[in-house]
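These are my notebook entries on one structure. I set down what I looked up, entry by entry.

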Amino acid sequence: MEQKMYTCIDQNGTLIVSVASGCEIVAALERLCSDLDLQAGEITGLGAISGATLRFFDPRVKHYVDKTFEEQMEIANLTGNISRSEGKPYLHVHACLGRADYTMIGGHLLRAVVRGACELFVRPMPGPVGRRFDPETGLNLYEF
Ligand code: FE
């Protein structure tokens, strides 16, 4: 049987979510949004990971630079939002990550693999909240 990427419980409309150790966080959140048909919402959380890929957008050239950090880190804070793009869940997640020497790195979180715990609160909102590509900025901006 396939291992569950996450477990969750609904507490007065807020979902308390545990992402399983060894699972990738953004993929687990996409799965949660699909499973529960979430259209919009807010995500906060913390945890520990074995590595992460962060993405930096250079607005001058409208180009992404991705960098992977393969090391155990604390998720000191994770904050994100849920919307939809072309009918599919669209996650926008940022994170502050604490290294073993207690310095921090952070930014736009593309992927991170849990090693230990990952404890999130997901607050669903009715939506719909969409996305559309904006050629001016080069970004997928909100569309209401
Ligand atoms: Fe971002």
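I note that the model is predicted.

**Entry: the iron site**

I then asked which residues coordinate the iron ion. I found His92 (NE2), His94 (NE2) and His108 (ND1), at 2.1 to 2.2 Å. Along the sequence, I wrote the spacing of these donor residues as H-x1-H-x13-H.

**Entry: a strand pair**

I turned to strand S3 (residues 40–58) and strand S4 (residues 63–69), which pair in the antiparallel sense over 7 bridges. For Arg55, I found the bridge partner Asp66 in S4. The hairpin of S3 and S4 has 4 residues between the strands, and there I noted a positive phi near 50° for Lys62.

**Entry: salt bridges**

How many salt bridges does a search of the whole structure find? I recorded 6, and I followed up some of them.

I looked up the pair Arg84 and Asp37, whose side chains meet in a salt bridge at 3.8 Å, N to O. Arg84 is in strand S5 (residues 73–85), whereas Asp37 is in the loop between helix H1 (25–36) and S3, and the two are 47 residues apart. I found Arg84 to be buried: its relative accessible area is 12%, and the cut-off for buried is under 20%.

I next examined Arg123 and Glu42, where the closest N and O atoms of the salt bridge are 3.7 Å apart. Because Arg123 lies in strand S7 and Glu42 in strand S3, the pair ties together parts 81 residues apart in sequence. I recorded Arg123 as partly exposed at 27% relative accessibility and Glu42 as partly exposed at 33%.

I also examined Glu71 and Arg99, whose salt bridge has its closest N and O atoms 2.8 Å apart. Glu71 sits in the loop between S4 and S5 and Arg99 in the loop between S6 and S7, so this pair joins parts 28 residues apart in sequence. Glu71 is partly exposed at 25% relative accessibility, and Arg99 is partly exposed at 27%.

**Entry: a surface patch**

Lastly, I noted a nonpolar surface patch of about 250 Å², made by Ile9, Ile16 and Phe121. I located Phe121 in strand S7 and recorded this residue as partly exposed, with a relative accessible area of 39%.

Terms used
Residues are numbered from 1 along each chain as its sequence is written. This is a predicted model: local features need pLDDT of at least 70, side-chain atom pairs count only at pLDDT 80 or more; totals for chains, interfaces and linings use all residues. Side-chain values use heavy atoms; hydrogens and water are left out. Donors are N, O and S atoms within 2.8 Å of the metal (3.2 Å for Na, K and Ca); water is not among the atoms, so sites may look incomplete. Two strands pair if DSSP finds at least two bridges between them. Patches are made of residues with over 30% relative accessible area and no salt bridge: like charges are joined within 9 Å, nonpolar side chains (Val, Leu, Ile, Met, Phe, Trp, Tyr) within 5 Å. Accessible areas come from the Shrake-Rupley method with a 1.4 Å probe; for residues, only the protein chains shown count as cover. A salt bridge is a side-chain nitrogen of Lys or Arg within 4 Å of a carboxyl oxygen of Asp or Glu. Buried means under 20% relative accessible area, exposed over 50%, partly exposed in between (1.4 Å probe, protein chains only).
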